[in-house]
Amino acid sequence: MKQKIQLPAIHDKDLRKVLDKFGLSNLIDDGKANCHSCSKQITFDNLYGLKVLNQNIIIFCDEPECIDKSSK
Ligand SMILES: [Zn+2]
């Protein structure tokens, strides 16, 4: 069973709430979050979306290639 959450074009406030819920805000603040596709460091400026696969939360940056992968 895969659970998928996609958040394209999210407003910062809502995004922050979702990230807080998954404990990702701190990781991003600390520079410890990386794009699942290209491994680039994720910031609040380049974060495009996230997915939940089982218990794992994976996030994607805003590179076209990664946006493409995040939507699959
Ligand atoms: Zn990426």
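Mentor: A residue is buried if 20 or more other C-beta atoms lie within 10 Å of its own, exposed if 12 or fewer, and partly exposed in between, with C-beta atoms placed from the backbone. Of the 72 residues of the protein, 21% count as buried. This is a predicted model: local features need pLDDT of at least 70, side-chain atom pairs count only at pLDDT 80 or more, and totals for chains, interfaces and linings use all residues. Residues are numbered from 1 along each chain as its sequence is written.

Trainee: What makes Cys 61 count as buried?

Mentor: Cys 61 has 24 C-beta neighbours inside 10 Å; the definition asks for 20 or more, so Cys 61 counts as buried.

Trainee: Why is Ser 39 called exposed?

Mentor: Ser 39 has 10 C-beta neighbours inside 10 Å. The limit is 12 or fewer, so Ser 39 is exposed. Its phi is near 70°, a positive value in a residue other than glycine. Ser 39 sits in the loop between helix H2 (24-29) and E1.

Trainee: What secondary structure does the protein have?

Mentor: Three helices and two strands, in the order α-α-β-β-α along the sequence. Helices (H or I, at least four residues) and strands (E, at least two) are DSSP runs, numbered from the N terminus.

Trainee: Why is E1 described as largely enclosed by the rest of the structure?

Mentor: Five of its seven residues are buried, so the description of E1 holds.

Trainee: What makes a set of residues a nonpolar core?

Mentor: The members are buried Ala, Val, Leu, Ile, Met, Phe, Trp, Tyr and Cys residues, joined through C-beta atoms within 7 Å. The largest such core here has 12 residues, including Leu 19, Tyr 48, Leu 50 and Cys 61. Strand E1 (47-53) and strand E2 (56-61) each supply at least two of its residues.

Trainee: Why does Leu 19 count as buried?

Mentor: Leu 19 has 23 other C-beta atoms within 10 Å, so it is buried. Leu 19 lies in helix H1 (residues 12-21).

Trainee: Which residues is Tyr 48 in contact with?

Mentor: Two residues are in contact if their C-beta atoms, placed from the backbone, lie within 7 Å. Leaving aside neighbours within four places in sequence, Tyr 48 meets that test with Phe 60, Cys 61, Asp 62, Cys 66, Ile 67 and Ser 70. Under the same exclusion, the contacts of Cys 61 include Cys 35, Cys 38, Leu 47 and Cys 66.

Trainee: What part of the contacts joins residues 24 or more positions apart?

Mentor: Such residues account for 40% of the contacts with a separation of 6 or more.
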